[in-house]
Amino acid sequence: LIASFQQKVLAGRRVMITAGPTFEPIDPVRGITNLSSGKMGYAIARAAREAGADVTLVSGPVSLPTPHGVRRIDVLTAQQMHDAVMAGVTGQHVFIGVAAVADWRVVNASDQKLKKTPDGAPPALEFAQNADILASVAATVSLSGWPYCVGFAAESEQLEAYGAAKREKKGIPLLVGNIGPQTFGQDDNTIILFDEHGHVLLERADKLTLARQLVSEIGKRLEQRSL
Ligand code: CTP
Ligand code: CA
(Lines give C-alpha, C1' and ligand atoms only; values in the text may rest on other atoms or scores of the structure.)
(Ligands and ions follow the chains in the order given, each with its own letter.)
Protein backbone atom coordinates (compact mmCIF):
# COMPACT_ATOMS: atom_id res chain seq x y z
CA LEU A 1 0.00 0.00 0.00
CA ILE A 2 2.78 2.40 0.97
CA ALA A 3 4.67 1.57 -2.23
CA SER A 4 1.66 2.47 -4.36
CA PHE A 5 1.72 6.02 -2.94
CA GLN A 6 5.39 6.46 -3.70
CA GLN A 7 6.37 8.46 -6.75
CA LYS A 8 7.66 6.02 -9.39
CA VAL A 9 11.37 6.71 -9.84
CA LEU A 10 11.28 7.08 -13.64
CA ALA A 11 7.83 8.66 -14.02
CA GLY A 12 7.82 11.01 -17.02
CA ARG A 13 11.24 9.81 -18.22
CA ARG A 14 11.99 8.50 -21.70
CA VAL A 15 14.41 5.58 -21.61
CA MET A 16 16.04 3.85 -24.59
CA ILE A 17 17.67 0.45 -24.10
CA THR A 18 19.63 -1.80 -26.47
CA ALA A 19 19.51 -5.54 -25.78
CA GLY A 20 20.53 -8.91 -27.12
CA PRO A 21 23.24 -9.84 -29.59
CA THR A 22 23.67 -8.56 -33.12
CA PHE A 23 23.91 -10.81 -36.16
CA GLU A 24 26.48 -10.02 -38.84
CA PRO A 25 25.77 -11.82 -42.14
CA ILE A 26 28.38 -13.83 -44.01
CA ASP A 27 25.95 -14.91 -46.74
CA PRO A 28 22.11 -15.16 -46.97
CA VAL A 29 21.98 -18.14 -44.60
CA ARG A 30 24.99 -17.66 -42.32
CA GLY A 31 26.36 -15.09 -39.95
CA ILE A 32 28.37 -14.25 -36.86
CA THR A 33 26.66 -13.64 -33.54
CA ASN A 34 27.31 -14.15 -29.82
CA LEU A 35 25.76 -15.84 -26.79
CA SER A 36 23.82 -12.84 -25.44
CA SER A 37 20.27 -14.01 -24.58
CA GLY A 38 18.82 -10.50 -24.12
CA LYS A 39 17.53 -11.43 -20.66
CA MET A 40 19.29 -8.61 -18.79
CA GLY A 41 18.25 -5.90 -21.28
CA TYR A 42 14.66 -7.13 -21.35
CA ALA A 43 14.55 -7.25 -17.53
CA ILE A 44 15.80 -3.65 -17.41
CA ALA A 45 13.17 -2.60 -19.99
CA ARG A 46 10.47 -4.20 -17.83
CA ALA A 47 11.82 -2.63 -14.63
CA ALA A 48 12.06 0.82 -16.26
CA ARG A 49 8.45 0.51 -17.47
CA GLU A 50 7.32 -0.57 -13.99
CA ALA A 51 9.10 2.53 -12.67
CA GLY A 52 6.92 4.71 -14.88
CA ALA A 53 9.24 5.33 -17.86
CA ASP A 54 8.31 5.51 -21.53
CA VAL A 55 10.58 2.71 -22.79
CA THR A 56 11.99 2.04 -26.25
CA LEU A 57 13.82 -1.28 -26.58
CA VAL A 58 16.09 -1.69 -29.61
CA SER A 59 16.60 -5.42 -29.78
CA GLY A 60 18.84 -7.80 -31.63
CA PRO A 61 17.55 -11.30 -32.45
CA VAL A 62 16.34 -12.97 -29.23
CA SER A 63 13.53 -15.32 -28.32
CA LEU A 64 11.92 -13.33 -25.52
CA PRO A 65 8.47 -11.78 -25.22
CA THR A 66 8.24 -7.98 -25.35
CA PRO A 67 7.77 -6.62 -21.80
CA HIS A 68 4.30 -5.16 -21.24
CA GLY A 69 3.96 -1.54 -22.32
CA VAL A 70 7.39 -1.38 -23.96
CA ARG A 71 7.97 -0.13 -27.54
CA ARG A 72 10.24 -2.62 -29.31
CA ILE A 73 12.28 -2.09 -32.48
CA ASP A 74 13.84 -5.24 -33.92
CA VAL A 75 17.20 -5.12 -35.69
CA LEU A 76 19.71 -7.66 -36.90
CA THR A 77 23.08 -6.01 -37.46
CA ALA A 78 25.15 -3.56 -35.42
CA GLN A 79 24.71 -0.98 -38.17
CA GLN A 80 20.92 -1.36 -38.04
CA MET A 81 21.05 -1.07 -34.24
CA HIS A 82 23.18 2.06 -34.54
CA ASP A 83 20.77 3.61 -37.07
CA ALA A 84 17.65 2.75 -35.03
CA VAL A 85 19.21 4.21 -31.87
CA MET A 86 20.42 7.41 -33.55
CA ALA A 87 16.99 7.91 -35.19
CA GLY A 88 15.24 7.77 -31.82
CA VAL A 89 17.70 9.03 -29.23
CA THR A 90 16.80 12.72 -29.42
CA GLY A 91 14.66 13.61 -26.42
CA GLN A 92 15.58 10.51 -24.43
CA HIS A 93 16.43 11.12 -20.76
CA VAL A 94 18.32 7.86 -20.34
CA PHE A 95 20.21 5.57 -22.72
CA ILE A 96 21.24 2.12 -21.46
CA GLY A 97 23.48 0.07 -23.78
CA VAL A 98 22.98 -3.52 -22.69
CA ALA A 99 23.36 -5.14 -26.12
CA ALA A 100 26.37 -7.32 -26.89
CA VAL A 101 27.10 -5.43 -30.10
CA ALA A 102 29.40 -7.19 -32.56
CA ASP A 103 32.69 -5.32 -32.69
CA TRP A 104 33.20 -6.30 -36.34
CA ARG A 105 31.08 -6.95 -39.44
CA VAL A 106 31.96 -8.93 -42.56
CA VAL A 107 32.57 -6.42 -45.36
CA ASN A 108 32.69 -8.97 -48.16
CA ALA A 109 29.47 -10.81 -47.26
CA SER A 110 28.16 -12.75 -50.25
CA ASP A 111 24.77 -12.18 -51.92
CA GLN A 112 24.64 -15.89 -52.65
CA LYS A 113 25.14 -18.85 -50.36
CA LEU A 114 28.85 -19.66 -50.28
CA LYS A 115 29.77 -23.07 -51.73
CA LYS A 116 32.67 -25.28 -50.85
CA THR A 117 35.39 -25.28 -53.49
CA PRO A 118 37.23 -28.35 -54.87
CA ASP A 119 40.55 -27.24 -53.37
CA GLY A 120 39.06 -27.06 -49.86
CA ALA A 121 40.01 -23.41 -49.42
CA PRO A 122 37.81 -21.64 -46.85
CA PRO A 123 36.23 -18.27 -47.74
CA ALA A 124 38.49 -15.29 -47.02
CA LEU A 125 36.28 -13.15 -44.79
CA GLU A 126 37.26 -9.53 -44.35
CA PHE A 127 36.18 -7.56 -41.33
CA ALA A 128 35.62 -3.91 -40.49
CA GLN A 129 35.01 -2.45 -37.05
CA ASN A 130 31.43 -1.43 -36.27
CA ALA A 131 30.54 2.01 -34.97
CA ASP A 132 30.38 2.23 -31.19
CA ILE A 133 26.69 2.92 -30.49
CA LEU A 134 27.18 3.95 -26.87
CA ALA A 135 29.96 6.34 -27.88
CA SER A 136 27.78 7.80 -30.66
CA VAL A 137 25.01 8.45 -28.14
CA ALA A 138 27.47 9.84 -25.57
CA ALA A 139 28.67 12.26 -28.27
CA THR A 140 25.13 13.71 -28.53
CA VAL A 141 24.86 14.51 -24.81
CA SER A 142 23.62 18.06 -24.37
CA LEU A 143 25.23 20.72 -22.20
CA SER A 144 22.59 19.93 -19.60
CA GLY A 145 23.74 16.31 -19.60
CA TRP A 146 20.95 14.41 -21.42
CA PRO A 147 20.62 11.57 -22.11
CA TYR A 148 22.13 10.04 -18.98
CA CYS A 149 24.26 7.25 -20.50
CA VAL A 150 24.71 3.83 -18.94
CA GLY A 151 27.05 1.20 -20.38
CA PHE A 152 27.56 -2.48 -19.70
CA ALA A 153 30.79 -4.43 -19.71
CA ALA A 154 31.41 -8.15 -19.49
CA GLU A 155 35.05 -8.54 -18.60
CA SER A 156 36.60 -11.93 -18.01
CA GLU A 157 39.10 -10.70 -15.46
CA GLN A 158 40.12 -7.72 -13.33
CA LEU A 159 36.61 -6.31 -13.53
CA GLU A 160 37.29 -3.66 -10.89
CA ALA A 161 40.24 -2.16 -12.74
CA TYR A 162 38.84 -2.60 -16.25
CA GLY A 163 35.36 -1.37 -15.26
CA ALA A 164 36.58 1.95 -13.92
CA ALA A 165 38.88 2.40 -16.93
CA LYS A 166 36.11 1.56 -19.41
CA ARG A 167 33.74 4.06 -17.80
CA GLU A 168 36.38 6.77 -18.19
CA LYS A 169 37.20 5.76 -21.75
CA LYS A 170 33.53 5.74 -22.76
CA GLY A 171 33.00 9.11 -21.05
CA ILE A 172 29.78 7.96 -19.36
CA PRO A 173 28.48 8.59 -15.83
CA LEU A 174 27.56 4.97 -15.05
CA LEU A 175 28.99 1.63 -16.14
CA VAL A 176 27.58 -1.74 -15.10
CA GLY A 177 30.05 -4.61 -14.90
CA ASN A 178 28.93 -8.23 -15.15
CA ILE A 179 30.99 -10.59 -13.07
CA GLY A 180 32.35 -13.47 -15.04
CA PRO A 181 31.91 -14.51 -18.67
CA GLN A 182 29.30 -17.13 -17.61
CA THR A 183 26.54 -14.50 -17.32
CA PHE A 184 25.27 -14.96 -20.90
CA GLY A 185 21.96 -16.82 -20.93
CA GLN A 186 21.87 -17.27 -17.14
CA ASP A 187 18.90 -16.17 -15.02
CA ASP A 188 21.13 -14.95 -12.19
CA ASN A 189 23.88 -12.38 -12.29
CA THR A 190 26.17 -10.35 -10.06
CA ILE A 191 26.86 -6.78 -11.13
CA ILE A 192 29.07 -3.92 -10.07
CA LEU A 193 28.10 -0.30 -10.64
CA PHE A 194 30.95 2.10 -11.45
CA ASP A 195 30.36 5.82 -11.16
CA GLU A 196 32.43 8.91 -10.41
CA HIS A 197 32.51 8.00 -6.71
CA GLY A 198 33.84 4.46 -7.15
CA HIS A 199 32.04 1.16 -7.33
CA VAL A 200 29.30 -0.73 -5.50
CA LEU A 201 28.48 -4.44 -5.75
CA LEU A 202 24.91 -5.71 -6.15
CA GLU A 203 24.76 -9.20 -4.67
CA ARG A 204 23.92 -12.19 -6.85
CA ALA A 205 20.22 -12.26 -7.67
CA ASP A 206 17.90 -12.99 -10.58
CA LYS A 207 18.14 -10.53 -13.45
CA LEU A 208 14.75 -8.88 -12.78
CA THR A 209 15.72 -8.14 -9.15
CA LEU A 210 19.04 -6.66 -10.31
CA ALA A 211 17.26 -4.72 -13.07
CA ARG A 212 14.91 -3.15 -10.49
CA GLN A 213 17.87 -2.25 -8.27
CA LEU A 214 19.70 -0.73 -11.23
CA VAL A 215 16.62 1.30 -12.24
CA SER A 216 16.32 2.60 -8.71
CA GLU A 217 20.04 3.54 -8.70
CA ILE A 218 19.58 5.37 -12.02
CA GLY A 219 16.46 7.10 -10.62
CA LYS A 220 18.45 8.34 -7.60
CA ARG A 221 21.17 9.74 -9.85
CA LEU A 222 18.63 11.52 -12.09
CA GLU A 223 17.00 13.10 -9.04
CA GLN A 224 20.32 14.81 -8.31
CA ARG A 225 20.17 16.54 -11.72
CA SER A 226 17.91 19.32 -12.93
CA LEU A 227 15.39 18.80 -15.74
N1 CTP B 1 28.83 -1.03 -27.35
C2 CTP B 1 28.15 -0.33 -28.32
N3 CTP B 1 28.51 -0.44 -29.63
C4 CTP B 1 29.55 -1.21 -29.99
C5 CTP B 1 30.27 -1.94 -29.01
C6 CTP B 1 29.88 -1.82 -27.69
O7 CTP B 1 27.19 0.40 -27.99
N8 CTP B 1 29.87 -1.28 -31.28
C9 CTP B 1 28.43 -0.87 -25.95
C10 CTP B 1 27.84 -2.10 -25.30
O11 CTP B 1 26.43 -2.16 -25.47
C12 CTP B 1 28.22 -1.90 -23.85
C13 CTP B 1 29.52 -1.10 -23.91
O14 CTP B 1 29.57 -0.55 -25.22
O15 CTP B 1 27.29 -1.06 -23.18
C16 CTP B 1 30.76 -1.87 -23.64
O17 CTP B 1 30.91 -2.92 -24.56
P18 CTP B 1 32.26 -3.73 -24.55
O19 CTP B 1 32.20 -4.79 -25.61
O20 CTP B 1 32.57 -4.14 -23.14
O21 CTP B 1 33.30 -2.59 -24.91
P22 CTP B 1 34.08 -2.25 -26.23
O23 CTP B 1 34.15 -0.77 -26.27
O24 CTP B 1 33.47 -2.93 -27.42
O25 CTP B 1 35.53 -2.78 -25.96
P26 CTP B 1 36.15 -4.28 -26.01
O27 CTP B 1 35.09 -5.23 -26.53
O28 CTP B 1 37.33 -4.17 -26.92
O29 CTP B 1 36.55 -4.57 -24.58
CA1 CA C 1 33.10 -5.20 -27.58
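How many of the 12 residues of helix 2 are buried? I started with this because helix 2 is mostly covered, and I counted 11 of its 12 residues as buried. The model I am reading is a predicted one.

**Entry 1: helix 2**

I looked up the names of the buried residues in helix 2. They are K39, M40, G41, Y42, A43, I44, A45, R46, A47, A48 and R49. I then looked for what covers them, and the cover includes strand 1 (14-19), strand 4 (54-59), strand 6, strand 11 and helix 6 (207-223).

I checked the length of helix 2, which runs over residues 39-50. At 1.5 Å a residue its 12 residues should span 16 Å, and the end C-alpha atoms are 16 Å apart, so the two agree. Just after helix 2, I noted that G52 has a positive phi of about 100°.

**Entry 2: helix 5**

I made the same length check on helix 5, residues 159-170. Its 12 residues should span 16 Å at 1.5 Å a residue, and I found 15 Å between the end C-alpha atoms, which agrees.

Which residues of helix 5 are buried? I listed L159, G163 and R167. They cover an arc of only 65° around the axis, so they sit on the same side of helix 5.

On the face turned away from the buried side, I noted the exposed residues A161, E168 and K169. After helix 5 comes G171, with a positive phi near 65°.

I looked at two of them in detail.

I found D103 in the loop between strand 6 (94-97) and strand 7 (104-106). Is D103 buried or partly exposed? I counted D103 as partly exposed, because it has 13 C-beta neighbours inside 10 Å. Setting aside residues up to four places away in sequence, D103 touches Q129 and N130.

I found K113 in the loop between strand 7 and strand 8 (127-129). K113 has 10 C-beta neighbours inside 10 Å, so I wrote it down as exposed. Apart from its neighbours within four places in sequence, K113 is in contact with D27, P28 and V29.

**Entry 3: around ligand 1**

How many residues surround ligand 1? I counted 13, and the closest are G97, V101, I133, L134 and G151. Helix 4 (133-138) and strand 9 (148-155) each supply at least two residues of this shell. Strand 9 gives the most, with 3 residues. I sorted the shell by residue type and got 7 nonpolar, 4 polar and 2 charged.

**Entry 4: two loop residues**

I looked up V107 and found it in the loop between strand 7 and strand 8. V107 has 9 other C-beta atoms within 10 Å and is therefore exposed. I set V107 against E126: they are 19 residues apart along the chain, and their C-alpha atoms are separated by 5.7 Å. Not counting residues up to four places away in sequence, V107 touches E126, F127 and A128.

I looked up F184 next. Its place is in the loop between strand 10 and strand 11. F184 is partly exposed, because 18 other C-beta atoms lie within 10 Å. I took the distance from F184 to A100, 84 residues apart along the chain, and got 9.8 Å between the C-alpha atoms. With residues up to four places away in sequence left out, F184 touches L35, S36 and S37.

**Entry 5: a cis peptide bond**

Which two residues does a cis peptide bond join? I found it between W146 and P147, with omega about -5°. P147 has its place in the loop between helix 4 and strand 9.

Notes. Residues are numbered from 1 along each chain as its sequence is written. Chains are lettered from A and ligands numbered from 1 in the order in which they are written. This is a predicted model: local features need pLDDT of at least 70, side-chain atom pairs count only at pLDDT 80 or more; totals for chains, interfaces and linings use all residues. Helices (H or I, at least four residues) and strands (E, at least two) are DSSP runs, numbered from the N terminus. A residue is buried if 20 or more other C-beta atoms lie within 10 Å of its own, exposed if 12 or fewer, and partly exposed in between; C-beta atoms are placed from the backbone. Two residues are in contact if their C-beta atoms, placed from the backbone, lie within 7 Å. A residue is near a molecule or strand if its C-beta atom, placed from the backbone, lies within 6 Å of it. Ala, Val, Leu, Ile, Met, Phe, Trp, Tyr, Cys and Pro count as nonpolar, Asp, Glu, Lys and Arg as charged, and the others, Gly among them, as polar. The expected span of a helix is 1.5 Å times one less than its number of residues. The arc is that of the directions from the helix axis to the C-beta atoms.
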